[in-house]
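Hi,

Here is the structure I said I would pass on. Have a look at it first, and then read my notes below.

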Amino acid sequence: MLCNISISTINNNLSAFYKTNYDVNLFYPFLDRLMKFDLDKDFLHDEFNILLTKDDLDSIDRNNIKNEDINFINELDNLFKTSKQIEIEGRFRRFIKIEELN
């Protein structure tokens, strides 16, 4: 699923943007595993706010996931070399076919 996200790094309660407003494709089952860390439990909308520690990221099962997900995990993993926590804010981008509007 296409997601538009911003990633911030957090050290000593100070937040710094790493990337903002960029699109990433995330796939099931990885996306489902990542959503377990969503701080907003209201699943009726398309937004999410995820706060991860290195232990959280390491706890995500990496079996049966796509290369795009592995690349995203590796990018986050690299951020933990200099950060204690990572915050991912984003929204799902859904595309509606014209015939679905009728």
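F30 and F72 are both buried, where buried means under 20% relative accessible area, exposed over 50% and partly exposed in between, with a 1.4 Å probe and protein chains only. Before you go on, note that this is a predicted model, in which local features need pLDDT of at least 70, side-chain atom pairs count only at pLDDT 80 or more, and totals for chains, interfaces and linings use all residues. Residues are numbered from 1 along each chain as its sequence is written, and side-chain values use heavy atoms, with hydrogens and water left out.

Back to the rings. There are two aromatic pairs in the structure; rings of Phe, Tyr and Trp (its six-membered ring) pair if their centres lie within 6.5 Å, and planes under 30 degrees apart count as stacked, over 60 as edge-to-face and the rest as tilted. F30 and F72 have ring centres 6.5 Å apart and planes at 70°, so they are edge-to-face. This pair links distant parts of the chain, with F30 in helix α1 (residues 30–34) and F72 in helix α3 (residues 67–79), 42 residues apart. Helices (H or I, at least four residues) and strands (E, at least two) are DSSP runs, numbered from the N terminus.

The other pair is F48 with F92, which is tilted, at 5.0 Å centre to centre and 45° between the planes. F48 sits in strand β3 (residues 47–53) and F92 in strand β4 (residues 85–92), so this pair ties together parts that are 44 residues apart in sequence. F48 counts as buried at 5% relative accessibility, and F92 is buried too, with a relative accessible area of 14%.

Those two strands also pair with each other: β3 and β4 run antiparallel and are joined by seven bridges (strands pair if DSSP finds at least two bridges between them). T53 stands opposite Q85 in β4.

R62 counts as partly exposed, at 34% relative accessibility. Leaving out residues up to four places away in sequence, R62 touches R33, L57 and I73, contact being heavy atoms within 4.5 Å. The C-alpha atoms of R62 and I73 are separated by 9.1 Å, and the two residues are 11 apart along the chain.

Cheers
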